[in-house]
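Open the model in a viewer and keep the selection tool at hand. The stops below go from one group of side chains to the next.

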Amino acid sequence: MTATVFPPPPPVLADIAGSSGKFPVRRIFCVGRNYHAHAAEMGVSVDKHSQEPFYFLKDASAYVPSGSTVPYPPQTEHYHYEMELVVAIGADGFEVAEDEADGLIYGYACGLDMTRRDLQLKARESGRPWDLGKNFAQSAVLSPIVRKSGTGVLDSGTIELRVNGKTVQSSNLNLLIWNVREIIAHLSKFYRLQAGDLIFTGTPDGVGAVKSGDVLVGSIDGIGEINLCIG
């Protein structure tokens with residue numbers, strides 16, 4: 001056995017609904033601006049015919065399970081929620097065709113892409129990467145992963161988020177600009193997707209700030225609920 005100069009970090013293991021087994025998280029990909037209404041509220045427009053999807057990444061260590069209480073993060077005054085469908089990849093694939101994308105899917109989950117919005121916008125305005133705004137501790141919240149049923153790809157269903165009981169986001173997965181098949185096919189042109197990867201597919205409009213003491217409850221038809229408390 002090769003000795004290390006300090007102990008390696010433990011694997012990041014996500015919950016699987018109805019199973020004692022765990023899903024080992026490898027990488028977390030996130031799709032930006034994948035609902036027209038959200039793009040508009042962020043002050044941009046998306047033309048699917050002339051543009052391609054774009055992505056940012058979060059470290060696997062950003063994962064936190066649903067039901068957690070997380071502290072308000074440092075260096076921000078605008079800590080925002082983004083409710084999303086998450087696709088869990090269960091098989092390797094490179095340059096995958098859209099009609100073969102379902103073969104890579106292990107299952108689905110509800111996700112919260114927590115964002116330091118002021119830092120993200122500051123970076124965007126200066127043409128810099130979004131890492132400080134997006135990739136930080138406990139910023140990728142995930143409900144238990146629900147295994148895919150049959151060969152179908154999830155392409156419709158209500159997606160909602162409530163903060164302190166008030167509905168703040170409500171949309172349908174059929175309003176994704178790039179659907180699940182298209183995202184997998186496109187992303188697999190640039191990365192060899194591997195079992196353990198997670199893909200946050202984008203958030204609807206209605207994003208906003210939270211404060212200490214707030215309780216977030218989200219849901220997606222057929223997937224379940226996600227819960228988060230801000231400490």
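Select F54, F56 and W130, a cluster joined by ring pairs. Rings of Phe, Tyr and Trp (its six-membered ring) pair if their centres lie within 6.5 Å; planes under 30 degrees apart count as stacked, over 60 as edge-to-face and the rest as tilted. The model is predicted: local features need pLDDT of at least 70, side-chain atom pairs count only at pLDDT 80 or more, and totals for chains, interfaces and linings use all residues. Residues are numbered from 1 along each chain as its sequence is written, and side-chain values use heavy atoms, with hydrogens and water left out.

Across the whole structure, a search finds 6 aromatic pairs. Start with F54 and W130: the ring centres are 5.6 Å apart and the planes stand at 85°, so this pair is edge-to-face. Its two members come from distant parts of the chain, 76 residues apart, with F54 in the loop between helix 1 (36-41) and strand 4 (55-58) and W130 in the loop between helix 2 (117-125) and helix 3 (131-134). Helices (H or I, at least four residues) and strands (E, at least two) are DSSP runs, numbered from the N terminus.

Now colour by accessibility, where buried means under 20% relative accessible area, exposed over 50%, and partly exposed in between (1.4 Å probe, protein chains only). F54 is partly exposed at 28%, whereas W130 is buried at 15%.

F56 has 11% relative accessibility and counts as buried.

Next, select F136 with K58 and R116. A charge sits over a ring if NZ of Lys or CZ of Arg is within 6 Å of the ring centre and within 35 degrees of the ring normal. The charged end of K58 sits over the F136 ring, 5.7 Å from its centre; that of R116 also sits over the F136 ring, at 4.3 Å from the centre.

T76 is in the loop between strand 6 (68-70) and strand 7 (79-81), and is buried at 10% relative accessibility.
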